[in-house]
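Subject: A structure for you to look at

Hello,

Here is the structure I promised to pass on, with some notes to read beside it. Please have a look at the model first, and then see what I found in it.

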Amino acid sequence: MTTQLTLSEVLQQSNLDKNLLAIAEKVQHQQRLTEEEGVLLFEKGELGFVGALANHIAQRLHGGKVYFNRNFHIEPTNVCVFTCNFCSYSRQYKHRDDGWEMSQEQMLDIVRKYDGQPVTEVHIVGGVHPKMNLEFFCELISKIRAHRPELHIKGFTAVELDYMFRKAKVSVEEGLRMMNQAGLQSLPGGGAEIFHPEVRNVICEDKVDGEGWLNIHGTAHKLGMHTNATMLYGHIEKYEHRVDHMSKLRTLQDETSGFNCFIPLKFRNKDNDMSNIAEVSIIEDLRLYAISRIFMDNFRNLKAYWPMLGRQSAQLTLSFGVNDLDGTIDDTTKIYSMAGSEEQNPSMSTEDLCDMIEAVGKIPVERDTVYNEIKVYGTAAASLS
Ligand code: MET
């Protein structure tokens, strides 16, 4: 199935802007784009153009494979000391009766619910609760590890870690070592939002800044832990801020190679302090996925987080550079449903995910957290056997 022009068809278009043509030629020769070229793509790159380039890169890297995993989330609390204006999920400590706070036993019960089921990962994130501290979470992690040693524990954004470490008066490295020894294997990519202070100081001024976020991830990489990276887009940021953000991630990835994947996160506007801002269109979503695939040349994996976009839009991203859809989720996260996503109870079976991937002519592959392939599904698997 052909949903995009090929790169050679793009290069033959006689009316193409010469700067865009130069970018297409760079993609053809696997050369890196400058920040100016990144901004130019946002300003001038039409969907068909950026899509063709992004699809070309994804095909080159992954040959039509699209990854997913079998996972579930634990959200220990939505009580939070921070006041990010885009957040629809958190409740302040003084209003904690409107939110939830789980005990270790309640969280272990969630883990036990999956006993005997073929999940490979638990993803733990939530509000930054003033009383859930480093010791509490180290204990939780070691209990999960003891109960199910082969389950990959990915948890705690740099924002959550920064708060815990400062409160416990340990350095980033010490704190990460403690968590890692307890059983934490990798970090999710949340809390990155937009690094540039012109935006960060308006949308989430009180949590860790861009430099601090990057330092935590860089330190985790040096300790051998893998992490993900996100960018919250589609609110007050300008194209330059997006490119600056992606460029900083690209630079750190050059140094450490520790990022597994990049996950653009769309600003959804229900019930938060930025609800007056309209959400961007699906066209802008797709352009952003495509441009991030083109610009971030050292990130192998680009993920469309389907609980945020809705499954149909997520499916569409597969023709625009995306090669990963996250996981089965099993209705264990509320972050995006509370922000107004179409997916009010996000849960997909392995079969649903495979059907969704095969329907657009791609090959479904189950992966583990660090992108080892577990199983190729569908007709491609039949032809391999
Ligand atoms: N507490 C996290 C952060 O700001 C986000 C978790 S999702 C509400 O990084």
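According to UniProt, in an unreviewed entry, residues 66-300 carry the feature "domain: Radical SAM core". UniProt positions follow the numbering used here, feature names are shortened, and annotations may be inferred rather than shown by experiment. The span of residues 66-300 is 42% helix and 14% strand, and its end C-alpha atoms lie 12 Å apart. Helices (H or I, at least four residues) and strands (E, at least two) are DSSP runs, numbered from the N terminus.

Before the details, a word on the basis: this is a predicted model, in which local features need pLDDT of at least 70 and side-chain atom pairs count only at pLDDT 80 or more, while totals for chains, interfaces and linings use all residues. Residues are numbered from 1 along each chain as its sequence is written, and side-chain values use heavy atoms, with hydrogens and water left out.

**Annotated sites**

The unreviewed UniProt entry gives "binding site" for Cys 80, Cys 84 and Cys 87. From this set, Cys 80, Cys 84 and Cys 87 belong to the lining of the largest cavity. Here a cavity is a set of points, on a 1 Å grid over the protein atoms alone, where a 1.4 Å probe fits but cannot get out; lining residues have an atom within 4 Å of a point. Cys 80 sits in the loop between strand 2 and helix 5.

"Binding site" is also the UniProt feature (unreviewed entry) at Phe 86 and Glu 193. They are spread over 108 residues of sequence yet cluster in space, with a largest C-alpha distance of 9.8 Å. Phe 86 and Glu 193 are likewise part of the lining of the largest cavity. Phe 86 is in the loop between strand 2 (71-74) and helix 5 (104-113).

**Helix packing**

Helix 3 (residues 35-44) packs against helix 12 (residues 282-295) at about 160 degrees, with the axes 10 Å apart. Axes are lines fitted to C-alpha atoms, for helices over the stretch in contact, and angles run from 0 to 180 degrees between N-to-C directions. That makes helix 3 roughly antiparallel to helix 12 (angles under 35 degrees count as roughly parallel, over 145 as roughly antiparallel, 65 to 115 as roughly perpendicular and the rest as oblique). On the helix 3 side, Glu 35, Gly 38, Leu 41 and Phe 42 meet Arg 287, Leu 288, Ile 291, Ile 294 and Phe 295 of helix 12, contact meaning heavy atoms within 4.5 Å.

Which way do helix 8 and helix 10 lie to each other? The axes of helix 8 (residues 172-182) and helix 10 (residues 210-222) come within 10 Å and cross at roughly 55 degrees, and the two helices are therefore oblique to each other. Val 172, Glu 173 and Leu 176 in helix 8 meet Asn 215, Ile 216, Thr 219 and Ala 220 in helix 10.

Helix 7 (residues 158-168) also packs with helix 10, at about 90 degrees and with axes 9 Å apart; helix 7 and helix 10 are therefore roughly perpendicular. Ala 158, Leu 161 and Asp 162 of helix 7 make this contact with Trp 213, Ile 216 and His 217 of helix 10.

Best wishes

How values were computed: On a 1 Å grid over the protein atoms alone, a cavity is a set of points where a 1.4 Å probe fits but cannot get out, and a pocket is an open set with protein on both sides within 12 Å along at least five of seven lines; lining residues have an atom within 4 Å of a point.
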